[in-house]
Amino acid sequence: MQIEETASAEAANADEVAIDAVVVVDFGSQYSQLIARRVREAGVYCELVPHDAPWERVAPLRPKGIILSGGPSSVYDPGAPRLPEWVIASGLPVFGICYGLQLLAQAFGGEVAPARRKEYGPATIEVAAGSFPLFAGLPNRLDVWMSHGDHVEQAPPGFAVVASTANAPVAAMASDRIAGIQFHPEVAHTPQGAEIIRNFLVNICGCRPNWTPDSFIDRAVAEIRETVGDGRVLLGLSGGVDSSVAAALIHRAIADRLTPVFVDNGLLRLGEADLVRDVFARHFGMRLVSVDARRRFLDRLAGLVDPEAKRKAVGETFIRVFEEEARSHGPFDFLAQGTLYPDVIESTTADTKAAAKIKTHHNVGGLPEDMQFRLLEPLKFLFKDEVRAVGRALGLPDEIVERQPFPGPGLAVRILGEVTEPDLDLLRQADAIVRAEIEAAGPDHRPWQYFAVLLPVRSVGVMGDYRTYGRVCAVRAVASADAMTADWARLPYDVLGRISNRIVNEAPGITRVVFDISSKPPATIEWE
């Protein structure tokens, strides 16, 4: 199946594609990204902006409402994040969650103080009869999740208390189109939280749930055309779902002015380079430029052991290779990437100042400052499951859309310590066994992501009556939807047994296999 090249049905520019949206103001909560997820699950587009973002950053979204996240600060702390002036001045509906509630109470003359008893965990709120539309269609008693030290002791003048608990006299307050709640509706531990968020979006903001994969494609195609103009785009294609969807989307917008470039960096899984070229040839109606840069990447990684240094080295080397290819096949005005929202959030760029850096993603924080391209990242505000939905809507086959995620730095971040060619070969063998055995177990036992990690550890063993002293391999398998959170996958013992037996027999030098049962958080999915 070829990806259609025609784009006559798309809007001429982004303004013609009307998508209802809200903005989520981030005050540093660990749950801020979950708020954005829940809003999008309700069919309404949203973006997360830092608490000090100016109105000029928000205005292009044309938001129909504003959600204020929680945060770790007290509203009375020196230097604590303040409520942006534009929140009230905009006249838009506002929904404050936890710290956001307390900011609203403070702004309108209410009283916020340390709670006599902090609340962290489950609670039950009593909702006032016939109360605010935020609780429309919900019972008068709701199980919720609390996580706060301060609370609102006195609601501001003009605000009605619409819910309370024994410990939180103002568990929810409302006035006209402004509401605030002390609990967290975005987490799974608030069972009817999604309905509360939907009530705000639909009943109070008047949003239409019209953000769908098709509407995203229409808007993205229009924005790509407006941004690129008559320019040309070089796209870094890894063969994964993210860069493949980006390729199909950009190609729909500008056709042959897109040139995809696949770089074999020597950090790929067993047989992956040939697989990527084969899949691309069968499903995409465009020419692929393939570059063998294996030696260059290995030389650049030599001697590096720090994960951040490795990620930045890979990111910079990719750019240098792309710049060289641009001189051969260009000129190109833009470099396109399959950057996703989790990449941006975890790397903490200017888009996410309020969040703590988890790790630098090679395609975000790892890019050199003297790069000769302008970046084009049409997926940078999407989560992984949203990208898959867009891929299906674009007509991409399951062998692309359903591919498990693979990190941009490749096996460089699955070899802990220095990356060498012998270790890459060893890890490829172990990883191929992990993937083969899990896939042979059938779809019911196939998690979201699964792979092998080579540890810089040696362990004593015994083989054929002889003492051995070999490497340790870790098996990682996780269940997730968006890479922001993940739980370890409960693989059957017989599958784990086959994996271990095959690795120690078929991957020379590995004598011990361990299974990683860490969730994210506190761990990350990748080990580096």
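Arg 62 sits in the loop between α2 (55-58) and β3 (66-68), and in this predicted model its phi is near 50°, a positive value in a residue other than glycine. Arg 62 is also exposed, with a relative accessible area of 56%.

**Backbone angles in loops**

- Ala 255 is another residue with a positive phi although it is not a glycine, here at about 55°.
- You will find Ala 255 in the loop between α7 (241-254) and β11 (258-264).
- Its 25% relative accessibility makes Ala 255 partly exposed, because that class covers values between 20% and 50%.
- The loop between α10 (307-329) and β13 (334-336) holds Pro 331.
- The peptide bond leading from Gly 330 into Pro 331 is cis, and its omega is near 10°.

**Strands β7, β8 and β9**

- Strand β8 (residues 172-175) pairs with strand β7 (residues 160-164) in the antiparallel sense, over three bridges.
- Strand β8 is also joined to strand β9 (residues 178-181), again running antiparallel, by four bridges.

**Helix α1**

- Helix α1 (residues 32-41) is largely enclosed by the rest of the structure, because seven of its ten residues are buried.
- The buried set is made up of Ser 32, Gln 33, Ile 35, Ala 36, Arg 37, Val 39 and Arg 40, so each of these falls under 20% relative accessible area.
- Two of the buried residues of α1 are arginines, Arg 37 and Arg 40.
- Just after α1 comes Gly 43, with a positive phi of about 85°.

**Arg 435 in helix α14**

- Arg 435 belongs to helix α14, which spans residues 421-440.
- Is Arg 435 buried or exposed? Arg 435 counts as buried, because its relative accessibility is 17% and the cut-off for buried is under 20%.
- Leaving aside residues up to four places away in sequence, Arg 435 touches Arg 269, Leu 270, Gln 404 and Tyr 450.

Terms used. Residues are numbered from 1 along each chain as its sequence is written. This is a predicted model: local features need pLDDT of at least 70, side-chain atom pairs count only at pLDDT 80 or more; totals for chains, interfaces and linings use all residues. Side-chain values use heavy atoms; hydrogens and water are left out. Buried means under 20% relative accessible area, exposed over 50%, partly exposed in between (1.4 Å probe, protein chains only). Contact means heavy atoms within 4.5 Å. Two strands pair if DSSP finds at least two bridges between them.
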